[in-house]
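Please open the model in a viewer and keep the selection panel at hand.

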Amino acid sequence: MTPTKRPILSLTGLMKPEEDGPLDLATYDVQLPCRWFEIDHKIAVLGRVSLTAEFLLRLLKSADGLDEASAAAFFGFDLRDMSFVLSEVEGEGYVQRREGRLWLTLAGHSLFRSDSDQPQIFEVEAVRENVGFDLISFAPEPKRYLEDFEFCLPELAVRPEIASSATQHIPGTFRRFYPEIQARRERKRDDKKSLYSVDNVSAGDRFPATVRISVKSTGMRPHAGEPDLSDWRSEPELEDRPNTVDAASAFVDRLVTTRHSADGEAYAVLLELAPEFLKEFTRRDGLNVERYYREAFSRAGEVRSDRPTLPIVGALLGEKNLRRAMEVVSYGLRKEAKPASFLWLAPMMHHWGATQLLPEFLKLLKAQLRQKQTDPSAPPAIAVGLATGRPESHLERAFDALAVSDVPRFPRILEVLLVPGVMASVTVHAPIGSQTGLPVPLGFISFDPRVVGRTQAYMAERVGPMLRNKPFETAVMETLLSTGADDAEGAPEAANEVDQGA
């Protein structure tokens with residue numbers, strides 16, 4: 001379920017309609033605020049008599065005072081079968097026998113509502129349950145264990161006046177979602193339970209759940225992405241949670257940015273680090289962004305030994321691009337590089353890296369580098385994050401170490417992942433095809449020794465002040481300056497025929 005698309009003025013047509021297709025723009029995991037509620041209620045347990053006894057009760061409802069012989073003939077029973085059925089309904093107090101005839105008792109009559117000819121046979125049980133509900137759509141939400149990183153993720157906005165009156169909403173929403181709640185508790189299939197009444201609701205502790213938001217757009221309008229929550233809930237479940245869908249849409253709206261004249265500095269870095277790969281997309285004034293975007297969108301391709309550099313469109317922290325990154329690392333590790341650390345420069349944009357995919361990828365990357373280590377006593381590679389200004393708390397949880405600078409030392413929309421001597425990924429986050437819109441990550445990923453070497457030199461020139469007086473300063477700088485130090489200029493020609501196409 002997706003909200004109505006937001007109109008954003010497009011400046012140019014990026015591609016022909018027949019070339020259009022879906023684009024995975026970014027992935028975010030956000031906190032959904034929830035709360036426990038203690039609910040006192042009554043349930044009616046249905047189906048306490050056999051189906052045959054139920055039909056007998058229906059018959060007597062329409063023809064009370066029927067003689068036993070006629071009732072037996074109606075069902076085709078002999079005396080033994082009829083005696084068995086009668087003992088069941090008599091034992092429950094629903095039928096009495098007088099002078100060979102069968103009569104419904106007051107209890108038997110009370111089983112039938114005025115609007116139904118079916119008996120409502122039940123026993124009422126008083127129950128107290130703790131049930132979790134989110135505070136946006138007031139839909140049931142189970143509690144699960146969260147990692148420290150997840151507790152630092154951004155939170156979907158909650159309307160305070162709605163959350164403060166949550167106990168008033170719970171009785172109605174508990175009735176609405178009662179079948180779903182009971183299904184999760186794995187009741188026995190032969191227990192036909194229905195909610196009889198909700199008597200009291202008490203608010204308990206709050207807790208967070210997580211919602212995965214995949215931002216989807218199209219090739220023609222990459223800047224106009226919409227939230228997709230299908231990884232979190234099915235379509236019918238999302239229809240029951242419209243307020244949460246709207247909150248996810250509002251979260252994506254807050255990511256919208258505007259192109260700046262300084263954005264060209266970030267695109268210039270792409271040309272500086274991979275000039276051979278991007279030479280077909282180079283103009284006098286810099287990178288032909290729209291043309292390179294069309295190439296990256298239509299010909300991303302797979303990693304091969306004869307294609308050490310690949311274009312990237314969409315966030316590196318997306319499932320498809322992360323798979324490519326791991327393949328690039330595998331190719332890069334065929335050389336003798338054994339980096340003791342690697343760097344990840346975060347762009348200056350809201351909620352970058354706010355996805356569980358970040359710590360999961362860092363863990364996989366460190367494990368892959370660990371396998372390359374020949375000395376089992378050597379410490380694992382250090383994941384160092386680089387940020388400008390005050391970093392969001394989830395970044396501090398994701399990386400082994402975080403280096404921060406108050407003064408920008410890189411273009412503000414530039415992202416760089418560098419594993420020295422192994423691989424480099426460089427992307428720029430700016431709207432494409434519109435002056436205003438969602439940032440569209442565009443760049444490349446490479447295990448080409450020239451590209452990796454240039455990226456190391458670029459980072460080494462700028463990162464020093466960010467690392468100064470840090471306990472990991474020496475290890476990082478030695479890795480940048482020594483691992484593959486000669487790669488920037490002297491890569492074998494045979495490995496570089498790749499650069500003629502994405």
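Is Phe-361 buried or exposed? Phe-361 is buried, with a relative accessible area of 3%; buried stands for under 20% relative accessible area, exposed for over 50% and partly exposed for the range in between, with a 1.4 Å probe and protein chains only.

The model is a predicted one, in which local features need pLDDT of at least 70 and side-chain atom pairs count only at pLDDT 80 or more, while totals for chains, interfaces and linings use all residues. Residues are numbered from 1 along each chain as its sequence is written, and side-chain values use heavy atoms, with hydrogens and water left out.

**Stop 1: the aromatic cluster**

Select Trp-344, Trp-352, Phe-361 and Phe-399, which form one aromatic cluster. Rings of Phe, Tyr and Trp (its six-membered ring) count as a pair if their centres lie within 6.5 Å; planes under 30 degrees apart are stacked, over 60 edge-to-face, and the rest tilted. The structure holds 14 aromatic pairs. One of them joins Trp-344 to Phe-361 edge-to-face, at 5.8 Å centre to centre and with 80° between the planes. Trp-344 belongs to strand β12 and Phe-361 to helix α12, 17 residues apart. Helices (H or I, at least four residues) and strands (E, at least two) are DSSP runs, numbered from the N terminus. Trp-344 is itself buried, at a relative accessible area of 0%.

Trp-344 also forms an edge-to-face pair with Phe-399, at 6.4 Å centre to centre and 80° between the planes. Because Phe-399 lies in the loop between α13 (393-398) and β14 while Trp-344 lies in β12, this pair ties together parts that are 55 residues apart in sequence.

**Stop 2: the sheet of 7 strands**

Colour the strands in the order β11-β18-β16-β15-β12-β13-β14, an open sheet with mixed pairing; two strands pair if DSSP finds at least two bridges between them. At its edges stand β11 (309-313) and β14 (401-405); each has a single partner strand, so one side of each is without a neighbour in the sheet. Within the sheet, β16 (residues 423-430) and β18 (residues 440-446) pair in the antiparallel sense over 7 bridges. Next, display helix α11 (residues 319-332), which lies across β11, β16 and β18 and runs at about 20° to β18. Such angles run from 0 to 180 degrees between N-to-C directions, the axes being lines fitted to C-alpha atoms, for helices over the stretch in contact.

**Stop 3: two positive phi values**

Most residues other than glycine have a negative phi, and most peptide bonds are trans. Select Phe-138, which has a positive phi of about 55° although it is not a glycine. Phe-138 lies in the loop between β5 (122-134) and α5 (160-163). Then move to His-351, where phi is near 65°; His-351 is in the loop between β12 (341-345) and α12 (357-372).

**Stop 4: Ser-217**

Finally, select Ser-217 in strand β6 (residues 192-218). Ser-217 is buried, with a relative accessible area of 6%. Leaving aside neighbours within four places in sequence, the residues in contact with Ser-217 (heavy atoms within 4.5 Å) include Gly-21, Leu-25 and Ala-224. The side chain of Ser-217 reaches the backbone oxygen of Pro-222 at 3.3 Å.

Terms used:
Polar contact = N/O pair within 3.5 Å; in protein donor to acceptor, adjacent residues only side chain to side chain.
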